[in-house]
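The sequence and structure come first.

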Amino acid sequence: RATARGIIVVEAAGNGSQDLDDSAYRGRFDLRNRDSGALLVGASEPSNNYGVACFSNTSKRVDVHTWGGDVHTIGFGDSQPHPYNIPEVTRFYTKDFGGTSSASAIVTGAVASLQGTRRGAGRLPYTPVQLRDLLVNTGTPQQGVASVEAARHIGTQPDLKKAVQEAIKPVSAPSSSAVSRILEGDYVIQNQATGKVMDVDVSWFGGPDDGRKLIQWDFHGG
């Protein structure tokens, strides 16, 4: 429901060392069965050439990853005294935030930066799937021991600089030959009188099934 309204959802893959592609999960993470449109985030180990962290859940569905340890942020107050927690003002920082929780927070920062960059450039913000594809396609391939990484997929590590460059890249005008055919992209069928748009009723677990109903719905920019 959130991504259908154009809201970017960044979701932690979890810290259970589980393979979410295992049959025990009954295909819930198989994009051929359903796709929530969320960004699923795994964790890598900053001290191990950014290879997959031992605790991170893994899956072909995991889109991106980043640091799952040694992350400095607010909270706990267990960081070194200087420069974070000086006697005059206790700021309660920590240098040990970790897990797919820290990875998700970092990716969320990248998402906010990208959407802000798009708006600042006078461009439309990305839809959830567009932004997910951008981070995946401009990211750094998974590092570490090849055999381990092949068996435990956590996606690419976002490269914000490359993603920003792509986000604000000038769009060239279509050629005369391109105008004559249907261009690729996202389209909205909208009633001019009511502002409502045509949508497909993709009920829970039933998205890819044939015979879904057409419905009208308020337009939220998704």
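Helix H2 covers residues 99-120, which is 22 residues. The span from its first C-alpha to its last is 32 Å, close to the 32 Å expected at 1.5 Å a residue. The model is a predicted one.

In H2, the buried residues are Gly99, Thr100, Ser102, Ala103, Ser104, Val107, Ala110, Val111, Leu114, Gln115 and Arg118. After the helix comes Gly122, with a positive phi near 75 degrees.

**Helix packing**

H2 packs with helix H3, residues 128-138. The angle is about 110 degrees, and the axes lie 12 Å apart. H2 is therefore roughly perpendicular to H3, because angles of 65 to 115 degrees fall in that class. What is the hand of the crossing of H2 and H3? The crossing is right-handed.

**Ring contacts**

Arg118 is one of the buried residues of H2. The charged end of Arg118 sits over the ring of Tyr126. The distance to the ring centre is 4.2 Å.

How many aromatic pairs does the structure hold? The count is one. Tyr25 and Phe29 form this pair, with 6.0 Å from centre to centre. The planes are 75 degrees apart, and the pair is edge-to-face. The cut-off for that class is over 60 degrees.

Two loop residues are taken together here. Ser17 is not a glycine, yet its phi is positive, near 55 degrees. Ser17 lies in the loop between strand S1 (10-12) and strand S2 (39-45). Asp70 is likewise not a glycine, and its phi is positive, about 60 degrees. Where is Asp70 found? It is in the loop between strand S4 (64-67) and strand S5 (71-74).

Buried or exposed, or partly exposed: how does Ser17 count? With a relative accessible area of 40%, Ser17 is partly exposed. Asp70 counts as partly exposed too, at 45% relative accessibility.

| Residue | Relative accessibility | Class |
|---|---|---|
| Ser17 | 40% | partly exposed |
| Asp70 | 45% | partly exposed |

Terms used:
Residues are numbered from 1 along each chain as its sequence is written. This is a predicted model: local features need pLDDT of at least 70, side-chain atom pairs count only at pLDDT 80 or more; totals for chains, interfaces and linings use all residues. Side-chain values use heavy atoms; hydrogens and water are left out. Helices (H or I, at least four residues) and strands (E, at least two) are DSSP runs, numbered from the N terminus. The expected span of a helix is 1.5 Å times one less than its number of residues. Buried means under 20% relative accessible area, exposed over 50%, partly exposed in between (1.4 Å probe, protein chains only). Rings of Phe, Tyr and Trp (its six-membered ring) pair if their centres lie within 6.5 Å; planes under 30 degrees apart count as stacked, over 60 as edge-to-face and the rest as tilted. A charge sits over a ring if NZ of Lys or CZ of Arg is within 6 Å of the ring centre and within 35 degrees of the ring normal. Axes are lines fitted to C-alpha atoms, for helices over the stretch in contact, and angles run from 0 to 180 degrees between N-to-C directions. Angles under 35 degrees count as roughly parallel, over 145 as roughly antiparallel, 65 to 115 as roughly perpendicular and the rest as oblique. A crossing is left-handed if the near helix is turned anticlockwise from the far one by less than a right angle, and right-handed if clockwise.
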